[in-house]
Amino acid sequence: MKTNLGGFDGAFRTLLFVLAIIYVITFDGSWLWLIPGAIFFATATLTWCPLYAMFGIDTDKVPGVGH
């Protein structure tokens with residue numbers, strides 16, 4: 001699987017996951033907020049986004065480096 005997610009994009013998605021966890025713990029308590037956060041974290045970990053692949057978007061500056 002070719003990577004299509006760059007470093008900044010992956011870091012931003014991981015930050016969104018952490019913010020979702022913080023939000024659930026401190027404010028809401030509903031675990032449903034973790035679903036989009038988990039999707040962001042999974043795509044950041046894999047460095048591959050299916051929506052990016054579908055639309056031909058590639059934010060990876062150096063293809064082939066990473067995973």
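Reader: How many salt bridges does a search of the whole structure find?
Author: The model is predicted, so local features need pLDDT of at least 70 and side-chain atom pairs count only at pLDDT 80 or more, while totals for chains, interfaces and linings use all residues. Residues are numbered from 1 along each chain as its sequence is written, and side-chain values use heavy atoms, with hydrogens and water left out. A salt bridge is a side-chain nitrogen of Lys or Arg within 4 Å of a carboxyl oxygen of Asp or Glu. By that rule, the number of salt bridges found in the whole structure is 2.

Reader: With which residue does Lys 2 form a salt bridge?
Author: Side chains of opposite charge can pair when their charged atoms come close. For Lys 2 and its partner, the closest N and O atoms are 2.9 Å apart. The partner of Lys 2 is Asp 58.

Reader: How many residues apart are Lys 2 and Asp 58?
Author: The salt bridge between Lys 2 and Asp 58 links distant parts of the chain. Lys 2 belongs to the segment before H1, and Asp 58 to the segment after helix H3 (50-55). Their separation in residues is 56.

Reader: Is Lys 2 buried or exposed?
Author: Buried means under 20% relative accessible area, exposed means over 50%, and partly exposed lies in between, with a 1.4 Å probe and protein chains only. Lys 2 has a relative accessible area of 52%. Because of that value, Lys 2 counts as exposed.

Reader: Which class of accessibility does Asp 58 have?
Author: The relative accessibility of Asp 58 is 37%. Asp 58 is therefore classed as partly exposed.

Reader: Which residue forms a salt bridge with Asp 9?
Author: In this pair the closest N and O atoms are 3.4 Å apart. The partner of Asp 9 is Arg 13.

Reader: Is Arg 13 buried or exposed?
Author: Arg 13 is part of helix H1. Among the residues that Arg 13 touches, not counting residues up to four places away in sequence, are Phe 40, Phe 41 and Tyr 52; contact here means heavy atoms within 4.5 Å. Asp 9 is buried, as is Arg 13. Because its relative accessibility is 8%, Arg 13 counts as buried.

Reader: What pattern does the protein chain follow along the sequence?
Author: Helices (H or I, at least four residues) and strands (E, at least two) are DSSP runs, numbered from the N terminus. The protein chain has 3 helices and 0 strands. Read along the sequence, its pattern is α-α-α.

Reader: How many aromatic pairs does the structure hold?
Author: A pair of aromatic rings is described by the distance of the centres and the angle of the planes. Rings of Phe, Tyr and Trp (its six-membered ring) pair if their centres lie within 6.5 Å; planes under 30 degrees apart count as stacked, over 60 as edge-to-face and the rest as tilted. The number of aromatic pairs in the structure is 4.

Reader: Why is the pair of Phe 8 and Phe 12 described as it is?
Author: The two ring centres of Phe 8 and Phe 12 are 6.4 Å apart. About one helical turn separates Phe 8 and Phe 12, because they are 4 residues apart in helix H1. Their planes meet at 15 degrees, so the pair is stacked.

Reader: Is Phe 8 buried or exposed?
Author: Phe 12 is partly exposed, with a relative accessible area of 40%. For Phe 8 the relative accessible area is 70%. Phe 8 is therefore exposed.

Reader: What kind of aromatic pair do Tyr 23 and Trp 33 form?
Author: The rings of Tyr 23 and Trp 33 are 5.4 Å apart, centre to centre, with 75 degrees between the planes. Tyr 23 lies in helix H1 and Trp 33 in the loop between H1 and helix H2 (34-46), so the pair ties together parts that are 10 residues apart in sequence. The pair of Tyr 23 and Trp 33 is edge-to-face.

Reader: Which residues do ring pairs link into a cluster?
Author: Tyr 23 is partly exposed, with a relative accessible area of 33%, and Trp 33 is also partly exposed, at 47% relative accessibility. The cluster linked by ring pairs consists of Tyr 23, Phe 27 and Trp 33.
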